[in-house]
Structures are given as C-alpha cells and as structure tokens.
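Colleague: Before we discuss individual residues, could you show me the model and then take my questions one at a time?

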Amino acid sequence: MGKLFICDHPLIQHKLTYIRDENTNTKDFRELVDEVATLMAYEITRDIPLESVKVRTPVAEANGKMISGRMLGLIPILRAGLGMVDGILKLLPAAKVGHVGLYRDPETLQPVEYYVKLPTDVQQRELIVIDPMLATGGSAIMAIEALKKRGCSQIKLMCLIAAPEGVKAVQEAHPDIDIYVAAVDDYLNDHGYIIPGLGDAGDRLFGTK
C-alpha cells in the first residue's frame, strides 16, 4: 500500500498559511507556491539512492556521495500543476517535464482528458505527478492511469492540500502510489471544493476567474 506523507516542516506550514489567505495577491501567491514546491521537493527525493565517489579538494582526496543515476520526470496536471514545476526544477534541473491535460466536467465533477505529452524515455524515469489540490481525486487517478497505460511504473503524487476523500480515492484506485502533501484538510463541499482549502488554485496562480 502506498503511503501518505505530510510535509510538516515549519517553513512549509508558514508559507502554506499565506497561500491560503484570500488577501494574498496573484504575484505573491505564485511565488509562495513556487517556494513550497521547492521545499517539498526535498521530502519527495529523500529516498533517491546514492553512490560513493571520490573527489579531490584543494588539499586532499575526499570520499563523497552523488545521486546514483536516477532519472526523474515531472508530470504537472494542467493547468494548476504548472505553478509548482519551476520550484521543483530549482532542485532537479535535469528532470524532464511531461504534461497531462485534464478538466473537470462541471456537472459530473469527473475529469476529462484532453492532452498528454510525455518525454520519450518516460518509462525509465521515476515520475512525480504534480497538482496543487487533491480534492475528489479524480484528476490524479486519471493522470496516473494515463502514465501506467504508457508503461510507467515508478510514480509518486505531490499536492499542496488534500481532502481526506481524495486521499482515500487515490489509495483505493492506485494502492502502489505514495502521496506527498503539505496538509490534509477537513472535507469536500457539495461543489467538490476542499474546505478550508485555498480556493481555485489555477485561478489564483494565473489571475483568472
């Protein structure tokens, strides 16, 4: 069974409070999401394997550690997932980026796939699916299914805020997937919004309504 990891570092929680605040403007919201994504990237990469290497310092030879050839891929769910990509790339500049485009049908609240573009070597990479909100779980479930259909097997999910219903849905649909979040909130309302949440992440990132 995949695990749920709550990234409770004080800096993450501090910045998340400002992200939630309705008075935070688009510029600051975007910068804060970027910063939290960078901090969460520390947690999600904690288990990357290392190999021993030798380097020469200005005075002597030293034993060191380097990442052991692990190839990573970032898969933001369009469009809100884009707001977290640059923050992660600050730590993982060699990661390739694919995209999964989904929108939520306003009547059924179910996701509809409209775009998938992935790196050619995606099957060999450990993938991080990125979406700020894990609400009903429908989008995350469909994005993970899209990757598995294309032969991907090493997948993690990163979100800022999750609803308990969304966590449960992803764990039931994809029991092999680890989920990383900054917070698990109280519940979903009748419109599928996380309460207390932060509103519509895409609108707040891009200044739309």
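Colleague: Is Arg 79 buried, partly exposed or exposed?

Modeller: This is a predicted model, in which local features need pLDDT of at least 70, side-chain atom pairs count only at pLDDT 80 or more, and totals for chains, interfaces and linings use all residues. Residues are numbered from 1 along each chain as its sequence is written, and side-chain values use heavy atoms, with hydrogens and water left out. Arg 79 has a relative accessibility of 34%, and buried means under 20% relative accessible area, exposed over 50% and partly exposed in between, with a 1.4 Å probe and protein chains only. Arg 79 therefore counts as partly exposed.

Colleague: Where is the place of Arg 79, and with which residues is Arg 79 in contact, leaving aside its neighbours within four places in sequence?

Modeller: Helices (H or I, at least four residues) and strands (E, at least two) are DSSP runs, numbered from the N terminus, and on that basis Arg 79 belongs to the loop between S4 and H3. With contact meaning heavy atoms within 4.5 Å, and with neighbours within four places in sequence set aside, its partners are Asp 200, Gly 202, Asp 203, Phe 206 and Thr 208.

Colleague: Which residues of helix H3 are buried, and against which elements do they pack?

Modeller: Helix H3 covers residues 82–89, and its buried residues are Gly 83, Met 84, Val 85, Gly 87 and Ile 88. These buried residues pack against helix H2 (26–44), strand S4 (72–78), strand S5 (96–97), strand S8 (126–130), strand S10 (155–162) and helix H6 (201–206).

Colleague: Is Met 158 buried or exposed, and what separates the C-alpha atoms of Met 158 and Ile 179?

Modeller: Met 158 sits in strand S10, and its relative accessible area is 0%, so Met 158 is buried. Leaving aside neighbours within four places in sequence, Met 158 is in contact with residues including Met 84 and Ile 88, as well as Met 40, Ala 41 and Tyr 180. Met 158 and Ile 179 are 21 residues apart along the chain, and their C-alpha atoms are separated by 6.0 Å.

Colleague: How many aromatic pairs does the structure hold?

Modeller: Rings of Phe, Tyr and Trp (its six-membered ring) pair if their centres lie within 6.5 Å; planes under 30 degrees apart count as stacked, over 60 as edge-to-face and the rest as tilted. By this criterion, the number of aromatic pairs in the structure is two.

Colleague: Is the pair of Tyr 103 and Tyr 114 stacked or tilted?

Modeller: Tyr 103 lies in strand S6 (residues 99–104) and Tyr 114 in strand S7 (residues 111–117), so this pair ties together parts 11 residues apart in sequence. The ring centres are 6.2 Å apart and the planes are at 40 degrees, so the pair of Tyr 103 and Tyr 114 is tilted.
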